[in-house]
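Visitor: I would like to go through the packing of this model with you. Could we begin with the helices?
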Amino acid sequence: MSDKPLIVHVLYRFDTGGMEQIMLSMIDRTRERYRHAVICVAGYGPLRDRLEAASVPCLSLDKKPGKDFLHYLRFWRALRSLKPDLVHTYNIGTLDLTPFARLAGVRRVIHAEHGRDSSDPLGEIRKYRRLRRWMAPFINRYVPVSVELRDWLTQRVGIRPSKVLHIPNGIDVDRYGIASSQRASRRLTGNLAPPGTLLVGNVARLDKVKDHAALISAFGLLREQAASHDVDCRLVIAGDGPQRAVLEQQIVELGLTESVHLLGNRDDVPELLAECDLFVLSSMAEGMPLTLLEAMAAGLPVVTTRVGDTASMVEADRTGVLVPPGDPQALAEAMRMYAIDEPLRRQHGEAGRARVVARFSLGTMVAAYEALFAESLAPVDGALVSPASGFSKSRGH
């Protein structure tokens with residue numbers, strides 16, 4: 001039996017997404033100090049293979065739709081078997097499991113907030129705010145990835161500030177430093193966007209909260225506007241999810257089947273971004289979107305909705321453009337500006353990469369999590385205390 005502490009990560013579903021990529025990076029970069037296991041509430045997707053390749057246990061509670069109270073028992077049994085030193089839950093879909101972690105004997109629980117879902121993009125649904133407050137006694141530390149989520153937790157939800165630690169997302173910038181010559185050759189996308197066309201990229205799961213419908217509508221407007229400048233535009237969207245059929249129908253109805261392509265889940269995102277000219281994010285809500293950092297690291301100018309922490313990530317009119325959510329016309333106008341101005345695309349893309357290198361590295365993020373884990377696991381005077389927050393087995397908010 002290893003003497004390394006065991007951290008069990010709990011996700012609602014292990015799909016392809018930014019939050020899952022952050023978790024995988026964290027596991028990979030901290031394996032020298034910690035053992036890891038993953039529990040999925042309602043199943044998993046292709047990313048499970050990466051855990052198995054790294055010999056990280058991954059199991060599913062196979063929660064049935066609706067009320068499935070037995071999944072709480074399955075969770076309790078899993079923890080009793082694994083005997084973790086720390087449980088790390090993610091987003092509201094796993095929040096109600098935290099009391100059962102305590103019942104299983106786990107005394108250290110961290111809960112991460114990476115963003116809200118499409119049913120509550122602004123965090124206004126009262127029952128969800130109440131749930132977060134009710135679960136607070138079972139959680140040692142809340143970890144929001146954005147300043148907006150941090151302020152919302154403390155000011156709107158009512159979580160004690162000493163229990164909240166903001167850790168921004170970070171990426172491995174070197175993975176996205178692919179030579180710009182690939183943009184001209186388009187080895188991956190040449191059959192969809194021949195060299196000479198302007199290629200707009202988006203990477204996000206096909207979920208309502210990402211509002212791909214607005215992006216596709218905006219792209220239709222862009223095609224009309226750019227044609228007068230002799231610019232032929234194409235759009236590729238990497239990701240999959242429940243909205244795929246709806247978006248496919250929209251593409252057909254708008255007559256965009258030759259210019260908009262849904263690529264599904266991809267494991268070659270750095271190479272794909274290297275072939276794009278512009279990156280667009282149309283979300284209705286975000287925390288701190290990883291794909292935005294990846295696009296900037298790839299040297300792309302970005303157009304994004306002003307949600308979550310995007311305004312702190314993107315320097316307006318220097319690395320990209322921010323527009324209101326749910327406004328296809330504004331999205332199209334921002335894309336048009338870049339479509340007709342290649343020097344501006346190059347200038348803003350270079351500035352964006354420099355910004356990510358300076359402020360959003362993977363090493364900085366991992367160091368912050370390692371410090372949090374070390375503090376959370378450190379016994380002080382016989383009690384399990386986080387030195388930074390000064391609490392142990394809190395029974396209040």
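Visitor: At what angle do helix α13 and helix α14 pack?
Guide: The angle between helix α13 (residues 328-339) and helix α14 (residues 342-359) is about 100°, and their axes lie 6 Å apart. Therefore α13 is roughly perpendicular to α14, a term for angles of 65 to 115 degrees. Axes are lines fitted to C-alpha atoms, for helices over the stretch in contact, and angles run from 0 to 180 degrees between N-to-C directions. Helices (H or I, at least four residues) and strands (E, at least two) are DSSP runs, numbered from the N terminus.

Visitor: What is the basis for these values?
Guide: This is a predicted model, in which local features need pLDDT of at least 70 and side-chain atom pairs count only at pLDDT 80 or more, while totals for chains, interfaces and linings use all residues. Residues are numbered from 1 along each chain as its sequence is written, and side-chain values use heavy atoms, with hydrogens and water left out.

Visitor: Which residues in α13 meet α14?
Guide: Met337, Tyr338 and Ala339 in α13 meet Glu342, Leu344, Arg345 and His348 in α14, contact being heavy atoms within 4.5 Å.

Visitor: Now the sheet. What is the strand order?
Guide: The open sheet has six strands in the order β9-β8-β7-β10-β11-β12, with parallel pairing; two strands pair if DSSP finds at least two bridges between them. Its edge strands, β9 (260-264) and β12 (320-323), each pair on one side only. From one strand to the next, the twist averages 20°.

Visitor: Which strands does helix α8 touch?
Guide: Helix α8 (residues 212-227) packs on the sheet and touches β7 (198-203), β8 (233-238), β9 and β10.

Definitions and conventions: Parallel < 35°, antiparallel > 145°, perpendicular 65-115°, else oblique.
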